[in-house]
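Please keep the sequence and the structure in view while reading.

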Amino acid sequence: MAKFGLLSFLVCSCIIINAALPAQAQTASKVSKLSKTDPLNTVLLQGFNWQAAKSSSPWYNVLKGIVEDAADAGITDVWFPPPSQSHPNGPEGYLPQRLYDLNSNYGSEQELRDAVDAFHQKGIGCVSDIVINHRCGTKQDDKGMWCVFEGGAEDGRLDWGPWAVCVNDNPYTCGSGQADTGGNFTGAPDIDHTNPAIQANLSEWMNWLKSHVGFDGWRFDFALGYEGKLLGIYAENTNPEFAVGEVWDPVANGSDGRIAYDQDAHRQRLVDWVHSTGDRATTFDFTTKGILQEAVKSNELWRLKDSNGKPSGLIGVLPQKAVTFIDNHDTGSTQQNTWPFPPDKLILGYAYILTHPGIPTIFYDHFVGNMKTEIKNLTAIRKRNNINANSNCRIITAEGDLYMAAIDEKIVMKIGARYDVGNLAPPSPDFSIVTAGIDYCVWEKKSSSP
């Protein structure tokens, strides 16, 4: 989900979806186990776009069809869409209602479990999108507000009333909980995450997603909606193999209305958020996205080096907690296309994030499109040279039309329109070109080749 307010026009109404067979009554299937992947070696694939919920075929079955390609590309984890039944105004899953009802617009509960199992069979972890900042009610309270919640379980788990909603929530004034600890989301009632009962209920549900479905990790939607320390409680209670929060904080603009060069304050807010969780979660590197897309769009690759000579995004200061990405279902998909990476420069973005420190994410649309081979080449180079989230990045140059960096002194990469890099090219025969395309190139040290 995008920044709060983006879906403010979606107001929970009286339309209610009939609950499918309660989750506890479904026939159990084997939940496959997965060997733990070193988080520093994570390569994440977002397994959906904004239109996935409207697919003519169940999306979970579509996902099963890319398992082999994902494994061949060295993907370690795939990010699934929100798994629960959602309000009709939010078929994509970001207006959840009955959390224990896993029959959604993406497919049935059994199809979900089958897809998770298929990825596990190839050693790929499965990350569930967790939407808990807010929730849509299924019934009205005595004041006519939609603040009565049904959990979708026969035993009444996650059945809540107005007590679960933050007091003075806008526009849902039915709540009697504590004040909201984060940003307001106007599309559904904001949940009071300071309440120990809420924490226990949601932690139990998330642990059920692990044991019943097989999920290995979490992507927390709209993590700015409640304090990071509260998200840290959920991470501590559920012990995911991987956890990432969506902390979409607008980058700073200069007096000319364009993104400013200095984004130190922006990335520091991401650092502070990570620390507020007790370092139990990573976060999407919105700083790097903003800087990188402006740099390639405007031929201003000097933006990619900060005043200390380091990468200018979160990867320059806390790379092991920085989840880099080019686009996602909000920014570059068919939703609002709110903050897209320049479409003719996408491969330059991947040449950057797949060779650099941080935890890179590949967007579904890009993975299945005409860049698949180039992306696979880049992930193979990353894996072959053991490039990871904490790898060392030595920036060789960052000029308008040329950016070059050496990573762990094993590979050298270049992006930018300048073709002749002169004596900046790594020495031959020690290094040789292993992949190249329009405005990008990667050299590999021969000793690190197989």
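Which helix gives the most to the lining of the largest pocket? Helix α10 (residues 372–384) does, with three residues; helices (H or I, at least four residues) and strands (E, at least two) are here DSSP runs, numbered from the N terminus. The model is predicted, and local features need pLDDT of at least 70, side-chain atom pairs count only at pLDDT 80 or more, and totals for chains, interfaces and linings use all residues. Residues are numbered from 1 along each chain as its sequence is written, and side-chain values use heavy atoms, with hydrogens and water left out.

The largest pocket holds about 350 Å³ of space, and of the 16 residues that line this pocket, N41, V43, G74, T76 and K383 are the closest to its centre. On a 1 Å grid over the protein atoms alone, a pocket is an open set of points where a 1.4 Å probe fits, with protein on both sides within 12 Å along at least five of seven lines, and lining residues have an atom within 4 Å of a point. Grid points are joined across faces, edges and corners, and the volume is the space filled by probe spheres set on the points. By class, the lining has six nonpolar, seven polar and three charged residues, where Ala, Val, Leu, Ile, Met, Phe, Trp, Tyr, Cys and Pro count as nonpolar, Asp, Glu, Lys and Arg as charged, and the others, Gly among them, as polar.

Eight strands, in the order β1-β2-β3-β4-β5-β6-β7-β8, close into a barrel with parallel pairing. Neighbouring strands of this sheet are turned by 30° against each other on average, direction ignored. Two strands pair if DSSP finds at least two bridges between them; β4 (residues 217–220) and β5 (residues 242–245) do so in the parallel sense over four bridges, and the bridge partner of F220 in β5 is G245. Helix α8 (residues 346–353) lies across β7 (322–324) and β8 (359–363), running at about 155° to β8, with axes taken as lines fitted to C-alpha atoms, for helices over the stretch in contact, and angles running from 0 to 180 degrees between N-to-C directions.

Six bridges join β12 to β13 (residues 440–445), which run antiparallel, and S432 has E444 as its bridge partner in β13.

E150 lies in the loop between β3 (125–130) and α4 (196–213). Leaving aside neighbours within four places in sequence, E150 is in contact (heavy atoms within 4.5 Å) with Q97, R98, R135, T138, K139, L158 and D159.

Most residues other than glycine have a negative phi, and most peptide bonds are trans. The table lists exceptions in this model.

| Site | Value |
|---|---|
| N170 to P171, cis | omega near 5° |
| S428 to P429, cis | omega near 10° |
| N386, positive | phi near 55° |
| E409, positive | phi near 55° |

P171 is found in the loop between β3 and α4, whereas P429 is in the loop between β11 and β12.
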